[in-house]
Amino acid sequence: MRLPHLVQQMTKDYRAGFVSFVGRPNVGKSTLTNALVGEKVAITSSKPQTTRRAIRGIVHRDSGQLIVVDTPGLHRPRTLLGQRLNDLVESTLSDVDVIGFCLPANEKIGPGDMFINEQLGQFRRAKLIAIVTKSELVDKKLLAEKLLEVQKIRDWHAIIPVSALGNQQLEQLSELLISEMPFSEQLYPDEITTEETLEMRICELVREAALEGVRDELPHSLAVTLDEMGPREGKNLFDIHVNVWVERDSQKAIIIGHRGSRLSDVGRRARLEIEKLVKQPVFLSIRVKVAPDWQRDPKQLGRLGF
Ligand code: GDP
Ligand code: MG
């Protein structure tokens, strides 16, 4: 049970602050965020670079509160979109209390990890914690070896193995992170799990569904915007009209699929997730549109919300 707000302030052992998970694409940062928050606030995918925004997931515990800032990841920018995403990551990481560097238990530490590790040196404010993710994928012996290997990279404030999907060590991680936060009042009310608007969350769920099963070069070219949404008059139905933007006609064809089969599949999967969010039956209409080279065009980037 959570103590009432005033009592918490008087007991003075309540902590709250900001944490960001960094690491190569696909190491499980978004999945970990969702597991800690206990709700889907960040979309996940087996496609790299799924995350484009600094999403704030809020983890509530009796001992304190964690504001999780999910980042798109540090990488070498190749387009204007890539550059804007990098700027976003750097300003975010300069501000957090703890940075959790995620390294998957089942993969070797490689140049991509070391590139990020070097970047971490510039964020002086944050305590650096190493999180070995997907721990359920390896046996105890391999996990112990991995922990030793990670220990050698730098002088970590702490190292902890977790599994978001296997539900291992998640409470230990949240307690560890909270213990590193400053004493604070509660920063968000109990019922708030994210700062993302409903519109943003819906667009992200559509993007997640659209990303599933597409080939590697397409993910970067996908963006989703919302035209309108609202309850249908006199019916228990929530109407949503979105646009899926791609850069080329050939990509439009891929998204739509043979006689629209792929698009209807995307629509069904997105609708099921959105229904969990709005807790109501949903009518979802998706239009696929082409905006040539939007990733390099400042005007288009603005229109698509970057
Ligand atoms: P991100 O790019 O770092 O945000 O990674 P995601 O959270 O999107 O996850 C990438 C992939 O790894 C997805 O297919 C997840 O289902 C998978 N994944 C994440 N956490 C775990 C875990 O604890 N165990 C296993 N086996 N897979 C995981
Ligand atoms: Mg992610």
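Author: Let us begin at the ligand. A backbone N or O atom of L165 lies 3.1 Å from an oxygen atom of ligand 1. The model is a predicted one, and the distances given here are computed from it. In K134, a polar side-chain atom is 3.0 Å from an oxygen atom of ligand 1, and in S163 the corresponding distance from a polar side-chain atom to a ligand oxygen is 3.4 Å. Considered alone, ligand 1 exposes 590 Å², and the protein buries 85% of that area.

The wider shell may now be considered. Ligand 1 is surrounded by 15 residues, and the closest are N26, K29, S30, T31 and E136. Sorted by class, this shell comprises 5 nonpolar, 7 polar and 3 charged residues.

From the ligand we may turn to a helix. Helix α2 covers residues 29–37, while helix α6 covers residues 170–179. The axes of these two helices come within 10 Å and cross at roughly 85 degrees. An angle from 65 to 115 degrees counts as roughly perpendicular, and α2 and α6 are therefore roughly perpendicular to each other. On the α2 side the contact involves L32, A35 and L36, which meet L170, L173 and S174 of α6. The residues of this contact are 5 nonpolar and 1 polar, with no charged residue among them.

Helix α8 (residues 249–256) and helix α9 (residues 261–278) have axes that come within 5 Å and cross at roughly 65 degrees. Here I254, I255 and I256 of α8 make the contact with S261, R262 and L263 of α9. By class, the residues of the contact between α8 and α9 divide into 4 nonpolar, 1 polar and 1 charged.

Finally, one residue in a strand deserves attention. D227 belongs to strand β7, which runs over residues 223–231. Apart from its neighbours within four places in sequence, D227 is in contact with H241, V242, N243 and K289. With N243 there is a polar contact between the two side chains, at 3.1 Å. D227 may also be compared with E199: the two are 28 residues apart in sequence, and their C-alpha atoms are 9.6 Å apart in space.

Note on methods:
Residues numbered from 1 in each chain as written. Chains lettered and ligands numbered in written order. Predicted model: local features only at pLDDT ≥ 70, side-chain atom pairs only at ≥ 80, totals over all residues. Heavy atoms only, no water. Near = heavy atom within 4 Å. Polar contact = N/O pair within 3.5 Å; in protein donor to acceptor, adjacent residues only side chain to side chain. Areas by Shrake-Rupley, 256 points an atom, 1.4 Å probe, with all protein chains shown as cover. Nonpolar A, V, L, I, M, F, W, Y, C, P; charged D, E, K, R; others polar. Axes fitted to C-alpha atoms, helices over the stretch in contact; angles between N-to-C directions. Helix = DSSP H or I, 4+ residues; strand = E, 2+ residues; numbered from the N terminus. Parallel < 35°, antiparallel > 145°, perpendicular 65-115°, else oblique. Contact = heavy atoms within 4.5 Å.
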